[in-house]
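Thanks, everyone. I have one model to show today, and I will keep it short. Here it is on the screen.

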Amino acid sequence: MTTKIICIVNQKGGVGKTSTAVSLAHGLSQQKRRVLLIDLDPQGQSATALGRNPEPGVFYLLTMGTTQQETTFLNSWVRLSGREGLYLFPGDQQTMAAQTVLNAQDKPISAIRSSVSRFFKEGLHYIVFDTAPSVGGIQERAVWASDLVIVPTATEFLSADGVSKALHMMSILQEKKNWRGNLLGVLPTFYDEQTRESKATMESLQERFQTSLLPPIHRSTLLRECASQGQTIFEMDPLCHAAKEYMALTRLVLKY
Ligand SMILES: Nc1ncnc2c1ncn2[C@@H]1O[C@H](COP(=O)(O)OP(=O)(O)OP(=O)(O)O)[C@@H](O)[C@H]1O
Ligand SMILES: [Mg+2]
């Protein structure tokens with residue numbers, strides 16, 4: 001069995017990265033897969049979205065080596081999420097310091113893949129990375145580590161910008177750094193066909209990204225409330241629109 005890594009990335013803030021990472025991770029675990037959600041964002045919001053506290057596990061994950069002792073220590077940071085098959089590797093603001101260390105030590109592009117590969121052997125089906133709204137050493141190495149990348153984008157004006165930058169980064173990694181992963185797709189979020197802006201943006205995203213564009217996630221009040229409740233959309237209401245849309249995304253991921 002191989003562990004697949006999925007990275008959720010967009011340097012733009014507030015486009016639904018964390019919502020997507022958490023929903024997908026929980027969706028996959030509901031489909032009987034074992035999933036580790038790794039919070040590479042110093043904001044630590046993957047933890048809060050699951051009703052847990054941010055903790056500095058990721059700082060150690062990004063700065064420690066691969067000896068048996070270090071691996072034992074890192075395993076101790078894996079948290080139960082309280083949901084069957086779903087585990088959390090928490091991060092917090094110390095992840096920013098890890099970014100500095102990565103850059104100062106000029107760690108290779110493969111650094112994150114090498115570090116998380118220690119988890120591969122434990123019957124784990126998926127690792128999902130939530131990432132920060134910025135560009136930097138962590139994002140690049142996280143994408144390089146991944147088999148599949150999802151780029152969420154809000155359906156509002158100028159949103160294509162962040163997407164283009166992410167796709168550009170990916171093509172450079174493929175051409176210059178021998179990255180073997182692929183884009184799963186661009187995921188429109190906050191979609192609302194009642195507003196002209198949302199509709200017009202959707203059309204221009206379709207034109208620009210064509211077959212890479214995934215079916216959209218609609219704007220959803222329940223989804224917005226999830227984080228403050230520490231519950232996923234499948235716990236809030238598994239039959240709501242957003243839950244069905246995120247389950248459809250989950251099924252798409254399962255086909256790869
Ligand atoms: N489809 C949606 N409908 C309504 N609200 C949403 C939707 N997706 C996300 N939200 C809400 O919008 C806010 C931003 O979403 P989220 O945290 O997932 O974005 P992000 O890209 O991870 O942000 P950041 O870049 O700061 O990490 C959150 O309050 C979230 O609950
Ligand atoms: Mg986030």
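**A hairpin, a core and a ligand shell**

Start with the strands: β3, residues 79–83, and β4, residues 86–89, run antiparallel and are joined by 3 bridges. Strands here are DSSP E runs of at least two residues, helices are H or I runs of at least four, and both are numbered from the N terminus. Two strands pair if DSSP finds at least two bridges between them. Arg-79 has Leu-88 of β4 as its bridge partner. The hairpin has 2 residues between the strands, and Gly-85 takes a positive phi near 80° there.

Before I go on, two housekeeping points. This is a predicted model, with local features needing pLDDT of at least 70, side-chain atom pairs counting only at pLDDT 80 or more, and totals for chains, interfaces and linings using all residues. Residues are numbered from 1 along each chain as its sequence is written, while chains are lettered from A and ligands numbered from 1 in the order in which they are written.

Now the core. The largest nonpolar core has 72 residues. By that I mean buried Ala, Val, Leu, Ile, Met, Phe, Trp, Tyr and Cys residues joined through C-beta atoms within 7 Å. Buried means 20 or more other C-beta atoms within 10 Å of the residue's own, exposed means 12 or fewer, partly exposed is in between, and C-beta atoms are placed from the backbone. Leu-37, Ile-127 and Val-128 have the most contacts inside this core. Leu-37 touches Leu-88, Val-128 and Asp-130, among others, leaving out residues up to four places away in sequence. Contact means backbone-placed C-beta atoms within 7 Å.

Next, the ligand. Ligand 1 is surrounded by 21 residues, and the closest are Gly-13, Lys-17, Thr-18, Ser-19 and Pro-133. The cut-off is a C-beta atom, placed from the backbone, within 6 Å of the molecule. Two or more shell residues come from each of α1 (17–30) and α10 (221–229). Which one gives the largest share? That is α10, with 4 residues.

Look at α1 itself. Of its 14 residues, 13 are buried. Just after α1, Lys-32 takes a positive phi of about 70°.

Phe-190 is not a glycine, yet its phi is positive, about 55°. Phe-190 sits in the loop between β7 (182–189) and α9 (196–209). Is Phe-190 buried or exposed? Buried, because it has 24 C-beta neighbours inside 10 Å. Gln-210, in the loop between α9 and α10, has a positive phi of about 40°. Gln-210 has 9 other C-beta atoms within 10 Å, so Gln-210 is exposed.

Methods
Two residues are in contact if their C-beta atoms, placed from the backbone, lie within 7 Å.
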